[in-house]
Amino acid sequence: MEIKETAVAGTLESSDIQIMLSKGTDGIVIDLESDVAKQFGTQIKKVITETLTAMGIQNAKVKAVDKGALDCVIKARTIAAAQRAAKTTDEPAWEVL
């Protein structure tokens, strides 16, 4: 899957995460902003990276603003942002779920 444009998914509400995905050249680079980054930052980055890799994305810049999202929410927001960025929202990536 190729990123064609910058895309955003999610909100800044409590228990959610906002994912902004754009083209990258140096692998998957994640800029994480979270009040719980010390405790859960590694896990949040792992979920984002694994989800993007499963979708066939190897290069991306990710800006993630976490407000206490669970792993399932992080994964859903990452999938939505990736599909919007690749302009494939009409073809859900069911195998990634």
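**Figure 1. Strands β3 and β4 pair in the parallel sense over seven bridges.** The structure is a predicted model, in which local features need pLDDT of at least 70 and side-chain atom pairs count only at pLDDT 80 or more, while totals for chains, interfaces and linings use all residues. Residues are numbered from 1 along each chain as its sequence is written, and side-chain values use heavy atoms, with hydrogens and water left out. Helices (H or I, at least four residues) and strands (E, at least two) are DSSP runs, numbered from the N terminus. Two strands count as paired if DSSP finds at least two bridges between them. In the pairing shown here, I28 stands opposite A60 in β4. On another flank, β4 is joined to β2 by seven bridges, and these two strands run antiparallel. Within β4, D66 is the residue opposite I17. Strands of a sheet pair through backbone hydrogen bonds, either parallel or antiparallel.

**Figure 2. The four strands form an open sheet in the order β1-β2-β4-β3, with mixed pairing.** The edges are held by β1 (7-9) and β3 (28-34), each with a single partner strand, so one side of each is left without a neighbour in the sheet. Neighbouring strands are turned by 15° against each other on average, direction ignored. Here axes are lines fitted to C-alpha atoms, for helices over the stretch in contact, and angles run from 0 to 180 degrees between N-to-C directions. The pairing of β1 with β2 (residues 17-23) is antiparallel and has three bridges. The bridge partner of V8 is M20 in β2.

**Figure 3. Two helices pack on the sheet.** Helix α1 (residues 37-54) touches β2, β3 and β4 (60-66), and its direction makes about 145° with that of β3. Contact means heavy atoms within 4.5 Å. Helix α2 (residues 71-85) touches β1 and β2, and the direction of α2 makes about 35° with that of β2.

**Figure 4. The largest nonpolar core has 23 residues.** Such a core is a set of buried Ala, Val, Leu, Ile, Met, Phe, Trp, Tyr and Cys residues joined through side-chain atoms within 4.5 Å. Buried means under 20% relative accessible area, exposed over 50%, and partly exposed in between (1.4 Å probe, protein chains only). The residues with the most contacts inside the core are I17, I19, L21, I48, L52, V62 and I74. At least two core residues are supplied by each of β1, β2, β3, α1, β4 and α2. The largest share, five residues, comes from α2. In soluble globular proteins, nonpolar side chains tend to be buried together.

Figure 5. K63 lies in strand β4 and, at 27% relative accessibility, counts as partly exposed.

**Figure 6. S15 and K87 have positive phi values.** Most residues other than glycine have a negative phi, and most peptide bonds are trans. S15, which is not a glycine, has a phi of about 70°. S15 is placed in the loop between β1 and β2 and is partly exposed, at 46% relative accessibility. For K87, also a residue other than glycine, phi is near 55°. K87 is found in the segment after α2 and counts as exposed, at 53% relative accessibility.

**Figure 7. The whole protein follows the pattern β-β-β-α-β-α along the sequence.** The radius of gyration is 12 Å, close to the 13 Å that the globule rule gives for 97 residues, so the protein is as compact as a globular protein of that length. This radius is taken over C-alpha atoms, and the globule rule is 2.2 Å times the number of residues to the power 0.38. The C-alpha trace spans about 30 × 25 × 20 Å along its principal axes. Of the 97 residues, 38% are buried.
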